[in-house]
Amino acid sequence: MRLLSPTLLFAFLLISCSTAIAQPKGPQPWWPTQPRALPLVHPLFSTDMVLQRDVKAPIWGWSKPGEEIAIRFDDQAAGKATADATGKWETKIGPYPAGGPHTLKITAGEQEVVLTNVLCGDVFLCSGQSNMNWPVRLSTNAEEEIKQANHPQIRSFTVNFYPSLVPLRLPPAARWEQCTPEFAKNFSGVGYFFAREINQTQKVPVGIIHSSVGATAAEAWVSGPSLAKLMPEDFPKELAELKEQVGATTADYDHFAELEKWLAKVDPESARLKYATAADLDTSDWLEVDVPKPWEETTIGDFDGLVWYRHELEIPAEWQGENLLLQLSIVNDCDVVWFNGQLLGSSQIKGATRNYTIEASRVKPGKNLLSAAIFNQTGPGGFCSAASNMALRPVSKQGEKPVRPAGKWRAKKSKAASEISEPFPEPKVGHYKTITGMYNGMIAPLEPFALKGALWYQGEANGPRWLQYRRLLPTLIADWREHFRNDELPFFIVSLPNYNPKQVKPVEPGWAEIRESQWRTVRNDPRTGLANTIDTGDGNIHPPNKQEVGRRLALSARHLLYGEKELVYSGPQYESMKIEGNKIRLTFKHLHGGLAIKAGEEKLTGFAIAGEDKQFVWGTATIDGDTIVVSSPDIPEPKIVRYGWAWNPLVNLYNKAGLPALTFRTDE
């Protein structure tokens, strides 16, 4: 018996039992702890990037309102923009043909960003749930694949996990990575093997933007406005809950600014006297306390509520220009920290060590002011760990002797918890099951980056709601096309593979129905393609053969996008049926040389037949020219045929090009 690792077992439980898992309450590890400044140019535009070729590609960022931005491509003027009242600027550059490397320079006032090793090629957004997330290092023949993963024209940008209740402007911190064994091992397996096929056959650079999360349902990847407009009756409870959680919050919500507003509201004197920021604040009436030590063990005494702290740090001159790591021991419960009057970070995870990074531009030698506001409601409050757990050191010099913040600090009691009715602000962060959450946190921040197409490997989490998926998947596609400003953005969808024990009954629906919904979406949208993977699974929730999945997606893309009209890109697809006495004759398209039985097998399997009563039995199926005839002595008046109608069906129908037939039912 094969045992699953704890990681795979957890992923399996998330997928198979996701409807039984409630959204967790309270602070989560993925909540942000430090604010991020809006950069001059969006992080999708960085060294080693791939810029979509042959189009006028949007480029954007943030600067001072009214400031002029100039863009140069290989030292040639490429575009200009002016920052609006919010500081946002956007323009388009190109079109540029495939190739590179190039240099891209963005200048605004005294700011300048220079991007090197930029390629122009085709960029694909890869999304979905865990099988899209599955890395090369866990795919078939991983060791050899990683060893051979030297493809200078392939680059990947991986978006980290972040479910948000509101659309974000920046994705979680990430960068473009070149395809070398060091980085490729962690690329999306499906995305990498697809990119490799496209790069080798089309001879163009390929970029993959990978944004997927295991166990997520499709509705988590659709924007709130689209769900509310196109599917309001499908998710009334979820949309109402989302509206209640978000309130009047907008996409420009700044959690860290809300923290300072909250402190000013609950403790107006702290705002008036600038406890956190005033370098010359008179603290003669503040208490002197030992830090770290629970404040109950200091002169603060037994207290639940808000306490302010201030301390001076002496930073060596040789640390100027270095990023510093500040470790502040364990804090109970919530803290807000400032460095030289600028907000540094905040955490709400009780009992967790605080680690904050101080950017080099904020580091100055000599005395530096460290301020903190700590809110505690029960149990020991304040800094609650050993002095050795408090340190300040350069990030790049971990072995260097640190500055120790432990010692005598100034502290002032503020409002008691019983006097504070307004809760400590929580960031507008959801959970992997939060409706629209993955769109807000992991798709919206990428818009409107120019794309060649999108790859979608998802459906497991929506399996029980397959009929709804017929509308949900087209809604997602329309939503992304709108937000990426491309009404014809191609989508390439993975039809789910065989999963669970082998089929024993003529009909065992399971994923057969979600596969049908995926196929239906593709039949109704000429700008979509389907990769049938019914023979790539091994009963495993995460079949490791991602090479074939990527190859079949690439076949579809080569036909639809790259003009290879004669390319065999699909297995047989059911087209029509005709009742002939006690038999049913089926016709197909995508024969490509004719129908065939899988090599090494003698008889067709997987066909079930029934009369008007839909009591299915196994049928006898034979290839007759370009058709298949199905019958059974138990069904004298047949009406319906189903093929591969199971989680893990017994199927062996192919075309002579070696691609498997799509599973189907004639009574759709």
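Modeller: The protein has 13 helices and 33 strands, where helices (H or I, at least four residues) and strands (E, at least two) are DSSP runs, numbered from the N terminus. This is a predicted model, in which local features need pLDDT of at least 70 and side-chain atom pairs count only at pLDDT 80 or more, while totals for chains, interfaces and linings use all residues. Residues are numbered from 1 along each chain as its sequence is written, and side-chain values use heavy atoms, with hydrogens and water left out.

For the setting, the C-alpha trace spans about 100 × 60 × 45 Å along its principal axes. Of the 668 residues, 57% count as buried; buried means under 20% relative accessible area, exposed over 50%, and partly exposed in between, with a 1.4 Å probe and protein chains only. Contact means heavy atoms within 4.5 Å, and among contacts with a separation of 6 or more, 75% join residues 24 or more positions apart.

Now to the helix pair. Two packed helices are described by the angle between their axes and the distance between the axes. Helix H5 (residues 189-202) and helix H13 (residues 546-560) have axes that come within 7 Å and cross at roughly 45 degrees. That makes H5 oblique to H13, because angles under 35 degrees count as roughly parallel, over 145 as roughly antiparallel, 65 to 115 as roughly perpendicular and the rest as oblique. The axes are lines fitted to C-alpha atoms, for helices over the stretch in contact, and angles run from 0 to 180 degrees between N-to-C directions. The crossing of H5 and H13 is right-handed: a crossing is left-handed if the near helix is turned anticlockwise from the far one by less than a right angle, and right-handed if clockwise.

On the H5 side, the residues that meet H13 include Val190, Phe193, Phe194, Arg196, Glu197 and Ile198. Their counterparts in H13 include Lys546, Val549, Arg551, Leu553 and Ala557.

Thr533 counts as buried because its relative accessible area is 0%. The C-alpha atoms of Thr533 and Leu662 are 8.9 Å apart, although 129 residues separate them along the chain.

For contrast, consider another loop residue, Asp84, between strand S4 (76-82) and strand S5 (88-93). Asp84 is partly exposed, at 37% relative accessible area, and touches Pro65 and Gly66, not counting residues up to four places away in sequence.

Beyond four places in sequence, Ile209 touches residues including Val123, Phe124, Leu125, Trp176 and Phe449.

Finally, the structure holds zero disulfides, a disulfide being a pair of cysteine sulfur atoms within 2.5 Å. For Cys120, the nearest cysteine sulfur, that of Cys179, is 19 Å away.
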